[in-house]
Amino acid sequence: MINHLPTAAQSELEILLQHHLGHTFPACAVTVIKDGQRVLDVVWGHVEDYPITEETLFDLASVTKLFTVTAFLSLVSAGKIGLHDPLIKVIPEFGSTSPRGMDGGQDPHTKIHLPTPPQLENQTVDPGQVTFWHLLTHTSGLPAWRDVFNAAGPAPTPPKQPERVPRAQRWEKGLAALCNYAFVWQPGEKVIYSDVGLMLLGEATARLAGAPLEKVIQVGVLNAAGLKSARFNPIRDWHFARAGIAPTENDPVWRKRRVWGEVHDENACGVGGIAGHAGLFADARDVARFGEAWLYEAETLFGIDPELAAEAQREQAETDGARRGLGFALKAHQDAAAGDHFSERTFGHTGFTGTSLWIDPENELIVACLTNRVYPGREKEGIHPFRRALHDLLAAGFN
């Protein structure tokens, strides 16, 4: 355990954690890197009968997207593809149904199909217009979420049991669905944060690299940055002990079990636990180390051209305060998950399970915060004010 916070800030941190621990989440791990040095590495809480340790793996949820984006941008730098090339150049079947209709999408929480807004009725989209830049900036016009897991097959078996449906078959069916969903907006017009788009980016990354996505990320990102804990399917594929993984939500409807050691996100789970938008597990130290690699060594470790790395961290698109770089979320101008005291150049991502990574280049400050806030249920409130308070406290304590 490392803790170089000033004494007063340590007391504030303990008060903050005690307010949320056992209510907002049962477990939390925080690693902070300041000026290239690890200055905070602490954990709190228990889950079931197991204490949280510095080696405990958390479900990263959408923080996984940054690893997919890193792998893809390395392929751009290698000249394999261009940012403004159309998606159909790599996934031609995405354009097989053209023009494509439009609808209101689907609510990711209730799973209810939403009505088509009047202004979109009778409109169509040419899927050939969608570029990789659109996917990276979440401006593709694709829906935020669709129930891909239902198209992919039945609920998977628990991770210690043999799977009854091969992963390749699940992904084949899921991809067919992804290539035919209606659009919810015209490409390039507004930011609509889309898991669908990142699932397609993951498939394109695998095809361009000529290897499965998990291998591309393992070799080109995890191994390159020296990340030893990060894994997809830690139990099924890597035989990790369940005691070393923070469990997430009880799923009484689809999987009919407590989700533990398998990805919480239904779509990632439904296609076999490996997808461009979710699926990775890691400890907080590795997530912070990944942020450090992006801040100081993106070219050396990942082969990403410095100009492209800089573009990834710059605002490319903005809608209603949602600022997007290339794959990265940028600090919002107000009510930001990164708090009020990180600089405007801060970039990173949050995850639905209660995870986050924020990188502040101006202050050379990196904060990885991992929780399992969905353990009490996905509707449990409190994670947003916790994140804001935590980042404000750390920014003040280390600047």
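Analyst: In helix α9, the buried residues are A284, D286, V287, A288, F290, G291, E292, A293 and W294. The model is a predicted one. Helix α9 covers residues 284–296, which makes 13 residues. From the first C-alpha to the last, α9 reaches 18 Å, close to the 18 Å expected at 1.5 Å a residue. The N-terminal end of α9 is capped by D283, with a side-chain oxygen 3.2 Å from the backbone nitrogen of R285.

Another site involves two helices. Helix α2 (residues 64–77) and helix α7 (residues 213–225) have axes that come within 9 Å and cross at roughly 90°. The two helices, α2 and α7, are therefore roughly perpendicular to each other. On the α2 side, the residues in contact are F67, T68, T70 and A71; on the α7 side, they are V216, I217, V221 and L222. Sorted by class, the contact of α2 with α7 has 6 nonpolar residues, 2 polar ones and no charged ones.

H349 is placed in strand β15, which covers residues 347–351. Buried means under 20% relative accessible area, and H349 has 3% relative accessibility, so H349 counts as buried. The side chain of H349 forms a polar contact of 3.5 Å with the side chain of R324. Leaving out residues up to four places away in sequence, H349 touches several residues, among them S62, V63, K65, L66, Y193 and W358. R324 is also one of the residues that H349 touches.

Terms used
Residues numbered from 1 in each chain as written. Predicted model: local features only at pLDDT ≥ 70, side-chain atom pairs only at ≥ 80, totals over all residues. Heavy atoms only, no water. Axes fitted to C-alpha atoms, helices over the stretch in contact; angles between N-to-C directions. Helix = DSSP H or I, 4+ residues; strand = E, 2+ residues; numbered from the N terminus. Parallel < 35°, antiparallel > 145°, perpendicular 65-115°, else oblique. Contact = heavy atoms within 4.5 Å. Nonpolar A, V, L, I, M, F, W, Y, C, P; charged D, E, K, R; others polar. Expected span 1.5 Å × (residues − 1). Buried < 20%, exposed > 50% of the residue type's maximum accessible area, 1.4 Å probe, protein only. Polar contact = N/O pair within 3.5 Å; in protein donor to acceptor, adjacent residues only side chain to side chain.
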